[in-house]
Amino acid sequence: MFEKSKWIRLPRNVVVGHGVRSAVVDTVDDLHLQGRPLFVTSPTPRNVVTDSVASDFEAAGMDPVTVTVESATFDSVETVIETAEREDVSYLVGVGGGKAIDIAKMASEHLGIGFLSVPTAASHDGIVSNRGSVPDGNTRHSVAAEPPLGVVADTEILADAPWELTTAGCADIISNYTAVMDWRLARRLKDVEYSEYAAALSEMTAEILVDNADLVRPGLEESAWIVTKALVSSGVAMSIAGSSRPASGAEHLFSHQLDRLAPDAALHGHQVGVGSIMTAYLHGGERGFWRDIRDALSSIDAPTTAAELGIDDDTVIEALTSCHEIRDRYTILGDGMNEHAAREVATKTGVIG
Ligand SMILES: NC(=O)C1=CN([C@@H]2O[C@H](COP(=O)(O)OP(=O)(O)OC[C@H]3O[C@@H](n4cnc5c(N)ncnc54)[C@H](OP(=O)(O)O)[C@@H]3O)[C@@H](O)[C@H]2O)C=CC1
Ligand SMILES: O=C(CO)COP(=O)(O)O
Ligand SMILES: [Zn+2]
């Protein structure tokens, strides 16, 4: 008897485009959300957009509350939860980069209330995903969480954000190539659960982005449009898979380990991009497609070396040799690289000098 079942949770409304910040109130209306909203934001996004969106809510008589979080920690999630309970709010609106959106996501999961995702940077594919990423002890990777009920991505705001945030988002998408290779490998060797639809969507998303790399240029609002669509579709792939597998393989393990060894040295997307060059090499060898990954990253101004990440060579080697331990996720790293092998891949790909 066939007894398989699956529950895919996705946002109901995804609004992307020029000036759509003014549509956040309409989105709330369309979703039939009632009661008091709590804006969850971080310092820069608050200045850039949160206060003005909150005034739209005030004008519509919705009496919003705002909480500003400084860092992606469980203390911040706790602050949001306490504020939500104290102020008797009915739903959350996460406004910012990955940090603010993930904290809103985790708090909404805990509170059992919905949230909206309003990204101010096209820097990561958690905009839409059903994953939340807040470091917990030694854990840096994402966990299952509430997906947003709606997403409002204003390309005018995203195009005005610092260019490196957009190149980080591109690199997070380009890394889908190696994430999917790791997923297929794990399926062959360890029989892990696999979705051909999610894998194909994730790869196609990376392919479309790379094919349009010429249009991804600083100051061009069309770039924000292209990158945001890719981030949305990568997040949908994660939701279809019910895991971050389509968008996170060994290159993400490497980045999560860098977050522990060199906190705040570089953006998430940039770290996974550099990791992807090396894991592509491990998958395909010298003549494999690692050069394509490197060239795609370099064509959109994303870092391709440790020096460009602002991370020293020894830290890269330490991350490469230890990152297989941080999560139960089988990848091309297998049961770990030794130092000699790690130096070889990092040197041959030009990641270290
Ligand atoms: N849940 C998921 O599925 C996924 C989660 N992630 C997580 O997302 C995080 C990475 O996201 P990222 O956005 O890089 O991190 P942050 O939210 O820390 O944002 C990076 C920087 O950009 C600033 N910023 C945000 N918007 C603007 C703007 N419009 N103008 C100027 N500066 C701005 C932030 O300022 P300020 O410091 O003031 O906030 C911060 O300094 C990681 O924690 C990663 O693990 C990544 C991928 C998927
Ligand atoms: O960053 C992500 C996908 O781009 C989420 O992946 P993790 O589950 O490794 O945190
Ligand atoms: Zn990522």
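**Reading a predicted model**

Guide: Let us begin with a single residue in this predicted model. H252 has 31 C-beta neighbours inside 10 Å, and therefore counts as buried. The cut-off for that label is 20 or more such neighbours.

Visitor: In which helix does H252 lie, and with which residues is H252 in contact beyond its neighbours within four places in sequence?

Guide: H252 belongs to helix α10, which covers residues 250-261. Once neighbours within four places in sequence are set aside, H252 is in contact with A179 and V272.

Visitor: Is H268 buried or exposed?

Guide: H268 has 25 C-beta neighbours inside 10 Å, so H268 counts as buried. H268 is placed in helix α11, residues 268-284. Not counting residues up to four places away in sequence, H268 touches G98, H124, A168, D172 and S255.

Visitor: Which residues does the UniProt annotation "binding site" cover?

Guide: An annotation comes from a record and may be inferred rather than shown by experiment. In this case an unreviewed UniProt entry gives "binding site" for D125, D172, H252 and H268. These residues span 144 residues in sequence, yet no two of their C-alpha atoms are more than 12.5 Å apart, so they gather at one spot.

Visitor: How many helices and strands does the protein have?

Guide: The protein has 15 helices and 8 strands. Its radius of gyration is 20 Å, close to the 20 Å given by the globule rule for 353 residues, so the protein is as compact as a globular protein of that length. Along the principal axes, its C-alpha atoms fill a box of roughly 60 × 55 × 35 Å.

Visitor: What share of the residues in the protein is buried, and what share of the contacts joins residues at least 24 apart?

Guide: Buried residues account for 55% of the 353 residues. Of the contacts between residues at least 6 apart in sequence, 76% join residues at least 24 apart.

Terms used: Residues are numbered from 1 along each chain as its sequence is written. Chains are lettered from A and ligands numbered from 1 in the order in which they are written. This is a predicted model: local features need pLDDT of at least 70, side-chain atom pairs count only at pLDDT 80 or more; totals for chains, interfaces and linings use all residues. Helices (H or I, at least four residues) and strands (E, at least two) are DSSP runs, numbered from the N terminus. The radius of gyration is taken over C-alpha atoms; the globule rule is 2.2 Å times the number of residues to the power 0.38. A residue is buried if 20 or more other C-beta atoms lie within 10 Å of its own, exposed if 12 or fewer, and partly exposed in between; C-beta atoms are placed from the backbone. Two residues are in contact if their C-beta atoms, placed from the backbone, lie within 7 Å.
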